[in-house]
Amino acid sequence: MTTPPSLDPAPGEGPVRPVSVSLHEGTIAALKARTGKRGMSAYVEALIQRQLERDRLHELITEAEAEHGPADPAAVEAKRAILRGDAADSADAA
């Protein structure tokens, strides 16, 4: 019986392990002031996960635009109005 190939864990999954990164002193001071010494890893982990999500979303948008063309700016603004809760604009956007 063969075992299936192992899959790399998704962001935020798998065991935690230490890594070394280089940051400017001012960045470290601001990070410690915001998180305390013990909260730095969780804060940086969340930032990296969020940036990875944004990068992937940008890739998906680029792929969709390559296949279907760019989004209509008026339609995008109408959807933004819905998300903002602009009642007057969102009635037309639906």
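The following legends describe close-up views of a predicted model.

Local features are given where pLDDT is at least 70, side-chain atom pairs count only at pLDDT 80 or more, and totals for chains, interfaces and linings use all residues. Residues are numbered from 1 along each chain as its sequence is written, and side-chain values use heavy atoms, with hydrogens and water left out.

**View 1. Overall fold of the protein chain.** The protein chain holds four helices and zero strands, in the order α-α-α-α along the sequence. Helices (H or I, at least four residues) and strands (E, at least two) are DSSP runs, numbered from the N terminus. Of the 94 residues, 6% count as buried; buried means under 20% relative accessible area, exposed over 50%, and partly exposed in between, with a 1.4 Å probe and protein chains only. The accessible surface comes to about 8600 Å², and 57% of this area belongs to carbon and sulfur atoms. Accessible areas come from the Shrake-Rupley method with a 1.4 Å probe; for residues, only the protein chains shown count as cover.

**View 2. Helix α2 and the glycine that follows.** The 29 residues of α2 should span 42 Å at 1.5 Å a residue, and the end C-alpha atoms are 42 Å apart, in agreement. The expected span of a helix is 1.5 Å times one less than its number of residues. Just after α2, glycine 69 adopts a positive phi of about 90 degrees.

View 3. Side chains of opposite charge can pair when their charged atoms come close. A salt bridge is a side-chain nitrogen of Lys or Arg within 4 Å of a carboxyl oxygen of Asp or Glu, and the structure holds four of them. Arginine 56 pairs with glutamate 59, with 3.3 Å between the closest N and O atoms. Both residues lie in α2 (residues 40-68), three residues apart, about one turn of the helix. Arginine 56 also forms a salt bridge with glutamate 63, where the closest N and O atoms are 3.8 Å apart. At 40% relative accessibility, arginine 56 counts as partly exposed; glutamate 59, at 39%, is likewise partly exposed, and glutamate 63 is partly exposed at 47%.

View 4. Helix α3 (residues 73-84) has 12 residues and reaches 16 Å from its first C-alpha to its last, close to the 16 Å expected. The side chains of arginine 84 and glutamate 77 meet in a salt bridge of 2.8 Å, N to O. Arginine 84 is partly exposed at 47% relative accessibility, and glutamate 77 is partly exposed at 35%. Elsewhere, salt bridges that share partners join Arg56, Glu59 and Glu63 into one network. Just after α3, glycine 85 takes a positive phi of about 85 degrees.

**View 5. The largest pocket.** About 760 Å³ of space lies in the largest pocket. Of its 21 lining residues, Arg17, Pro18, Val19, Ser41 and Glu45 are the closest to the centre. The elements giving two or more residues to the lining are α1 (25-35) and α2, and α2 provides the largest share, six residues. The lining divides into 15 nonpolar, three polar and three charged residues. Ala, Val, Leu, Ile, Met, Phe, Trp, Tyr, Cys and Pro count as nonpolar, Asp, Glu, Lys and Arg as charged, and the others, Gly among them, as polar. On a 1 Å grid over the protein atoms alone, a pocket is an open set of points where a 1.4 Å probe fits, with protein on both sides within 12 Å along at least five of seven lines; lining residues have an atom within 4 Å of a point. Grid points are joined across faces, edges and corners, and a volume is the space filled by probe spheres set on the points.
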